[in-house]
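Here are my notes on the model you sent over.

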Amino acid sequence: MSNSYSFEVINIKGKAYIRTYGCQQNFADSEKICGILTLLGYTIVYNDDDVDLMIFNTCAIRENAKDRIFGNIGALKHKKLKNPKLRIVICGCLTQQRDIAEKVKKTFPFVDLILGTNQLNSLPELLAGLFNGSKHGVILSDEDEPIAENLPVVRDSKYKANISIMYGCDNYCTYCIVPYVRGRERSRSAAKIMEEVKSFYYEGCREFLLLGQNVNSYGKGTDVNFNRLINYIDNIPGDFIINFMTSHPKDLTKELIDTIADSKKISYRLHLPVQSGSDRILEAMNRGYTRREYLELINYAKSRIPGLSLTTDIIVGFPGEDYADFSETISLMKEARFDSAYTFIYSKRPGTKAAELPDYVSEEQKSIWFRELLSVQSKIGEAALNGYVGQTLRIFCTGKGRSDEKLLTGKSRNGFIVDFPGNDEKIGSFVNIKIIRALNWALIGEEIK
Ligand code: SAH
Ligand code: SF4
Ligand code: F3S
């Protein structure tokens with residue numbers, strides 16, 4: 001934990017539990033919330049029984065995420081009845097929407113504090129006040145706060161660090177709620193980011209995940225763009241892996257692909273959401289690239305980066321999408337041969353442009369398309385994993401196996417999960433593993449000395 005944040009330690013002796021929904025950015029925010037809570041004297045626990053403080057850090061990306069969170073908040077009522085001293089805080093993207101924050105307040109009066117996404121700076125005071133008995137109701141800031149620097153952080157893993165390099169998004173893809181709940185695009189200073197990488201490396205961390213909704217527009221208008229930033233980090237002495245997400249095809253340059261290809265430590269996994277294979281739909285989504293441009297970009301990346309692993313996000317059933325558009329997405333998938341794809345059925349987000357568009361395709365029909373997409377992708381993904389059997393991959397080992405507790409687990413430079421037998425002393429180091437078989441989501445191998 002870095003402790004340069006000067007906040008009066010009031011030494012609360014209580015247990016705090018935090019549940020995080022949504023993307024890596026939210027997880028990174030939660031690590032900061034845990035840092036603040038620890039500084040206040042709370043002990044962070046991973047089981048929600050008998051705790052003094054519960055925080056839900058929420059997500060608004062799709063309707064089903066919202067429904068699930070509402071269900072989970074409702075279930076807290078009996079906990080509060082059993083333990084009136086329990087304090088409950090709901091924060092994050094869902095409650096950044098004022099109408100939803102008000103609805104949470106009305107529907108769940110036992111919730112003590114409702115916050116949005118832009119309040120990390122004031123969080124220590126707000127949480128301390130809560131402990132002292134003040135009941136705040138809803139506190140949302142409509143302005144984008146300046147970036148909160150030097151907040152303490154308690155990382156989930158000793159070996160992996162999430163580093164937010166920018167906040168917010170200015171792209172306004174027509175289906176997406178993020179620009180409305182995360183505010184305008186703001187980049188951190190390169191010096192602060194480098195400082196953080198170095199200090200976490202010193203603490204034993206070997207895998208860094210640089211985070212932003214569109215990392216390729218980092219530092220726009222300044223003299224340190226993303227390409228330069230990642231080049232600087234690559235040149236920091238030491239053996240480590242630099243991951244980054246998310247890239248946007250309209251802003252990913254050939255120059256950046258060259259930087260990755262020529263780097264020592266930048267990950268060979270590229271997560272490049274395509275969303276659709278149809279130009280008509282890409283335009284309606286306001287994505288800013290065509291199918292041909294996307295394919296050209298990935299073909300260039302594949303030709304420059306040996307062992308590149310490509311992953312993507314796809315939305316099925318955007319308003320106005322017909323079977324011909326959907327077929328274009330299927331054909332793009334077959335052409336791009338993604339190692340994996342996160343696939344979603346379009347979910348209408350009130351307040352976005354796409355929510356105003358007429359939508360003629362039934363949910364039932366969309367589900368049929370969705371299943372077709374999954375089955376095409378699963379065959380491609382399976383073939384990709386099987387292609388690694390017999391190869392040797394350099395793995396950074398981060399802990400116990402996911403397929404089996406008796407195994408260890410780690411990731412290759414191109415982002416594949418690899419489980420293998422070994423002693424715990426390997427955790428936190430790089431090992432060479434010969435792949436002996438493929439599961440449908442990971443590889444299994446043996447160490448070669
Ligand atoms: N900034 C990133 C990711 C944002 S959210 C990017 O631009 O790629 C992660 C994914 O959720 C998106 O890539 C998209 O595929 C999906 N998504 C976002 N809004 C959605 C919606 N309204 N319905 C369905 N999927 C959505
Ligand atoms: Fe949403 Fe588009 Fe921004 Fe990604 S780039 S967060 S999909 S608006
Ligand atoms: Fe969800 Fe907010 Fe992330 S809406 S996906 S938690 S930026």
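1. A quick word on classes before the ligands: Ala, Val, Leu, Ile, Met, Phe, Trp, Tyr, Cys and Pro count as nonpolar, Asp, Glu, Lys and Arg as charged, and the others, Gly among them, as polar. With that in hand, the shell around ligand 2 has seven nonpolar, three polar and one charged residues. The members are Cys169, Asn171, Tyr172, Cys173, Tyr175, Cys176, Val178, Pro179, Gln213, His248 and Arg287; to get on the list, a residue needs a heavy atom within 4 Å of the ligand.

2. Some housekeeping. This is a predicted model, where local features need pLDDT of at least 70 and side-chain atom pairs count only at pLDDT 80 or more, while totals for chains, interfaces and linings use all residues. Residues are numbered from 1 along each chain as its sequence is written, chains are lettered from A and ligands numbered from 1 in the order in which they are written, and side-chain values use heavy atoms, with hydrogens and water left out.

3. On to ligand 3. Around this one sit Cys23, Asn26, Cys59, Ala60, Ile61, Cys93, Arg182 and Gln213. By class that shell comes to five nonpolar, two polar and one charged residues. Gln213 turns up here and also in the shell of ligand 2.

4. Have a look at Gln25, which belongs to helix H1 (residues 24–40). Helices here are DSSP runs of H or I with at least four residues, strands are E runs of at least two, and both are numbered from the N terminus. Gln25 counts as buried because its relative accessibility is 4%; the cut-offs are under 20% for buried and over 50% for exposed, with partly exposed in between (1.4 Å probe, protein chains only). Setting aside neighbours within four places in sequence, Gln25 is in contact with Ser164, Met166, Arg182, Leu211, Gly212 and Gln213, contact meaning heavy atoms within 4.5 Å. Two of those names, Arg182 and Gln213, are also in the ligand 3 shell.

5. Which residues does Ile90 touch? Beyond its neighbours within four places in sequence, Ile90 is in contact with Phe56, Thr58, Ile73, Thr95, Val104, Val111, Leu113, Ile114 and Leu115. Ile90 is found in strand E4 (residues 87–92) and counts as buried because its relative accessibility is 1%. Ile90 and Phe56 are 34 residues apart in sequence, yet their C-alpha atoms are 4.9 Å apart.

6. The aromatics deserve a point. There are 17 aromatic pairs in the structure; rings of Phe, Tyr and Trp (its six-membered ring) pair if their centres lie within 6.5 Å, and planes under 30 degrees apart count as stacked, over 60 as edge-to-face and the rest as tilted. Tyr21 and Phe56 are edge-to-face, because their centres are 5.9 Å apart and their planes at 65°. Tyr21 lies in the loop between strand E1 (14–20) and H1 and Phe56 in strand E3 (residues 53–58), so the pair ties together parts that are 35 residues apart in sequence. Both Tyr21 and Phe56 are buried.

7. Phe318 and Tyr346 form another edge-to-face pair, 5.6 Å centre to centre with 70° between the planes. Phe318 is in the loop between strand E13 (309–316) and helix H13 (323–336), and Tyr346 in the loop between strand E14 (340–345) and helix H14 (363–386), 28 residues apart. Phe318 and Tyr346 are both buried. Separately, Phe70, Phe108 and Phe110 form one aromatic cluster.

8. E13 and E14 also belong to an open sheet of three strands, in the order E12-E13-E14 with parallel pairing; two strands pair if DSSP finds at least two bridges between them. The edge strands are strand E12 (269–271) and E14, each pairing on one side only. Six bridges join E13 to E14, and Thr312 stands opposite Ala341 in E14.

9. Finally, the barrel. Five strands close in the order E15-E16-E17-E19-E18, with mixed pairing. Strand E18 (residues 430–438) and strand E19 (residues 443–447) are antiparallel over five bridges, forming a hairpin with four residues between them. Ile435 stands opposite Gly445, and Ala438 has Leu443 as its bridge partner. On the parallel side, two bridges join strand E17 (residues 417–420) to E19, where Val418 stands opposite Leu443.
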